[in-house]
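The exercises below ask you to read a structure step by step, with a worked solution after each task. Try each task on the display before you turn to its solution.

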Amino acid sequence: MRVRMFALALVGLLLITGLHGPAAGGPAPAAGIVFPIVGDPTFNPWHPRHFVESIFVTRVLFNGLTKWGKDSRWVGDLAESWEVSADGLTWTFKLRRGVKWHDGRDFTADDVKFTYDIVLNPRLGATGRAAFTNIRETRVVDPYTIQFVMSAPQASIVAVVGVNAGILPRHAFTGVAPENYWTHDAFNKRMPIGTGAYKMKEYVSGAYVTLEKNPAYFGGTPAVDTITFKVLPDVNAQIAQFLAGDLTLLFIDNPALVRAVQGRPNVEVNTLPQNNFYYLAPNHRNALFQDRRVRQAMLHAFDRPAMIRGFLEGFATPASSPLTPVLRNFFNPNVKTYEFDRARARQLLAEAGWQPGADGVLTKGGQRFRFSLAYPTVQYFEPLAALVQQYLRAVGIETVLDGADFNTFVSQRLLPRRFDGLLGWWIMPEDPDFFNYAHSSAAERGFNLPMYNNKEADELMEAGRRATSVAERERIYKRLQELMADDLPYLQLWWPSEIRAWNRRLKGVPPIHLRAAFQWVNEWKLE
Amino acid sequence: MGRYLVERAVQAVVVLLVVSTLTFLMVSLAPGGPEIMMTMESTPDQREALARQLGLDQPLAVRYLKWIGSALRADFGRSFGDRRKVNEVILERLPNTLLLSGTALVLSILVGIPAGIVSATRRYTLSDHTVTFFSFIGVSIPAFWFAILLVLLFTVHLSWLPASGMATPGAPFSLVNRLSHLVLPATVLATATLPNLVRFMRSALIEELGQDYVRTARAKGLPNRLVLSRHAIRNAMIPVVTVLGVLIPRLVGGAVITETIFGWPGMGQLAVSSTIGRDYPMVMAITVVVAVVVIVSNLLVDLAYGWLDPRITYG
């Protein structure tokens, strides 16, 4: 609420004052790249407190085994090559030789094992652990070869080891007991040691972190001397600083704010598709949503292009399934789509036995079509929920809005699955493996929030993890998208675009989403 | 006097106990849990492991006794977020807040009290109307709007002053640099507190100026300047000091909006993020610090009464 008022105030002020003067979007900082983060970072990528305020810093300090490449496919980072055994149960990664830690020590397979032992230790509760639960153990074959022994095949492991999965130096934790890893402030909060393009220079809590270039970086010496992450929790402060030239680049989360930076000299605003979808998750265990025609009718009830135009300033694409076009060869463009069509929606609901009552709300056997919609009061979910309510009301479905602050939303609605419908989003690794989000085994304890349970979908998601050839995976996941577009485990709303703005002096940022682009930061230049 | 101080100290201990118990109960009973357990991407086994690490698997009463046991030794434990020592974080943040709010307070006093005096002694003149006009603007203007307005004008448009932080990253320490970062947030904060002082000073002084002793002083031929400085102002200060007693704790608690907009690493920002993240140890420590400041400043105000008005004695 406060944030929205700020946003409106800022946009209003910018329009009123018409600040098209020379200073606007003015000089870029001379001191190197400066990027805003929303809170104090934690420098250990596995720390339970490693969230969005930390990932940009740790992606520059550390390397994973793989990373998302400039041509939108997974490429080696600390790993040079990898192969999987015929049964899909053993992955062997060959590591890059000659890589040095920031303190000059050699990087070896022991560091990889040390890192994954932390992840696999259930008592530590490392962040992101859920993605790795199929790994049973890691084995050091020789100093430059590491093996992952799986309890079940998982073809997406190549992607998973490349997302916020930085390798830690074993020697920085000698003498520290595993239960004290998260309180090892000397590393986690003060002096991290990585293999990345930049190394720690100065950290002032609550203010900024400055990293300096690592001349020994195995990917090539960075062109820019320093990169500074400024702690700026307020988005308006970020925009003001960007316009004043104190920030080199920033993310724009709220599309309404794009107008504040667009059209200024020296500012480039660009967008990219990302592997992220917004959804309304119907509770499949609720009798209301068990008929597929009801779910289809609900999706027909939304005018998604109009919502995107009016509400998201055009910065999104209506989604045809949870899997996005970012996945390129795995993406299936030929699936069932749902245009805005209220007549069709009413017809489908009628076929499912729902008839309008006296007040226009649908009834069936004396039951009104009324459900509660849970959502977090972050981003734009509050107005979105109101919009969803109106669209559904127009086809006779009554919605009770149930918004809560994020923490309460997660603990009281999402985790205990206490909702009829839920608005949310998933940002996923760039891999079609949708197992964690829709497989019936993930219904109670995993991320399958709608508690979807479909035998064919389960089999496809299992087969996709077992498959060893790309062609086979493509076939499986294209079929899965067809199935999901028809059966609607999630009512997919849209794929949001990533909106970034940067000073035109900044060059060499690869055309991939910014989190991944930070892993290529050694190629960025300031002209 | 000595007995009075002892009594106040005993009262303070009771107040602190009540405040900390209530806060502990309230934060622990709030829906949700520590942020590190409540992400969309966490799994039940992760949450169970973290709950054990944080001691949340123990009953509330045990947790409270443990907390109070270590709090008595001035150890507030570790943050439920990044696991740093709470004392360390508070000691980092408190000076920043004191610097900002102290500057704002001094600014308010330096400007507010003279303005109130001018306003009272030249009642219904142009200067009085001007002071009143700006006081009303100051008290009505929302901090977030005013802050953004200042940033747009002085940072984006004129490039005179930095928009955020306490110093330029990486630059060697320089007083000018520090002060330039202080100007905008301190102005925003002072704008909110200043009108209170002006209005209280004005009304208190007007009341004193109508008193018999002022007429007597004037009748015996004392110059107006001395009437004011020796008699009226001193007496008029009592309500103003009371207002200050209320303002000081508010400033130490941190100015949430101002700190957030200007990226000032102070207590206000910390309090908000710890509350949102359900960082119980941090919330508790901040509460205790603010409670202590409230108690101490109330005591100082009471002692100041005695200094201002010799009729008030303690003991």
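## Exercise 1: a lysine in a strand

A:Lys507 is exposed, because 12 other C-beta atoms lie within 10 Å of its own, and the cut-off for an exposed residue is 12 or fewer. The model used here and in every later exercise is a predicted one.

**Task.** Find the strand of chain A in which A:Lys507 lies, and decide which residues A:Lys507 is in contact with once neighbours within four places in sequence are left aside.

**Solution.** Begin with the secondary structure, where A:Lys507 belongs to strand S22 of chain A, which covers residues 506–507. Next, list the contacts: leaving aside neighbours within four places in sequence, A:Lys507 is in contact with A:Lys525 and A:Glu527. Finally, turn to A:Leu526, which is 19 residues away from A:Lys507 in sequence, while the two C-alpha atoms are 6.2 Å apart in space.

## Exercise 2: the contact between the chains

**Task.** Work out how many residues each chain gives to the contact, and which element gives the most to the side of chain A that touches chain B.

**Solution.** Start with the totals, which are 53 residues from chain A and 48 residues from chain B. Then go through the elements of chain A that give two or more residues to its side of the contact: these are the helices H1 (2–17), H5 (185–190), H6 (235–243) and H12 (406–414), together with the strands S9 (208–213) and S10 (226–231). Of these, H12(A) gives the most, with six residues.

## Exercise 3: the largest nonpolar core

**Task.** Name the residues that touch the most other members of the largest nonpolar core, and say which helix supplies the largest share of this core.

**Solution.** The largest nonpolar core has 216 residues, and those that touch the most other members are A:Phe35, A:Val60, A:Ala240, B:Ala147, B:Val151 and B:Met201. The largest share of this core, 14 residues, is supplied by helix H7 of chain B, residues 175–209. To look at one member in detail, take A:Val60, which touches A:Gly196, A:Ala197, A:Tyr198, A:Leu211, A:Ile227, A:Phe518 and A:Val521 when residues up to four places away in sequence are not counted.

## Exercise 4: chain B as a whole

**Solution.** For the contacts in chain B between residues at least 6 apart in sequence, 71% join residues at least 24 apart.

## Exercise 5: two helices that cross

**Task.** Determine how the axes of H4(B) and H11(B) are placed, and identify the residues that make the contact.

**Solution.** First compare the axes of helix H4 (residues 86–121) and helix H11 (residues 267–276) of chain B, which come within 8 Å and cross at roughly 130°. H4(B) is therefore oblique to H11(B). Then identify the residues: B:Arg93, B:Leu94 and B:Thr97 come from H4(B), while B:Met267, B:Gly268 and B:Leu270 come from H11(B). By class, this contact of H4(B) with H11(B) has three nonpolar, two polar and one charged residues.

Continue with H11(B) itself, whose buried residues are B:Met267, B:Gly268, B:Gln269, B:Leu270, B:Ala271 and B:Ser274. What covers these buried residues includes H4, H9 (224–252), H10 (256–261) and H12 (280–308) of chain B. Just after H11(B) comes B:Arg278, which takes a positive phi of about 50°.

## Exercise 6: a glutamate in a helix

**Task.** Is B:Glu208 buried or exposed, and which residues does B:Glu208 touch beyond those up to four places away in sequence?

**Solution.** B:Glu208 is found in helix H7 of chain B. B:Glu208 counts as buried because it has 21 C-beta neighbours inside 10 Å, where the cut-off is 20 or more. Not counting residues up to four places away in sequence, B:Glu208 touches B:Val214, B:Ala232, B:Asn235 and B:Ala236. To complete the picture, B:His231 is 23 residues from B:Glu208 in sequence and 8.8 Å from it in space, C-alpha to C-alpha.

Notes
Residues numbered from 1 in each chain as written. Chains lettered and ligands numbered in written order. Predicted model: local features only at pLDDT ≥ 70, side-chain atom pairs only at ≥ 80, totals over all residues. Core = buried A, V, L, I, M, F, W, Y, C linked by C-beta atoms within 7 Å. Helix = DSSP H or I, 4+ residues; strand = E, 2+ residues; numbered from the N terminus. Contact = placed C-beta atoms within 7 Å. Axes fitted to C-alpha atoms, helices over the stretch in contact; angles between N-to-C directions. Parallel < 35°, antiparallel > 145°, perpendicular 65-115°, else oblique. Nonpolar A, V, L, I, M, F, W, Y, C, P; charged D, E, K, R; others polar.
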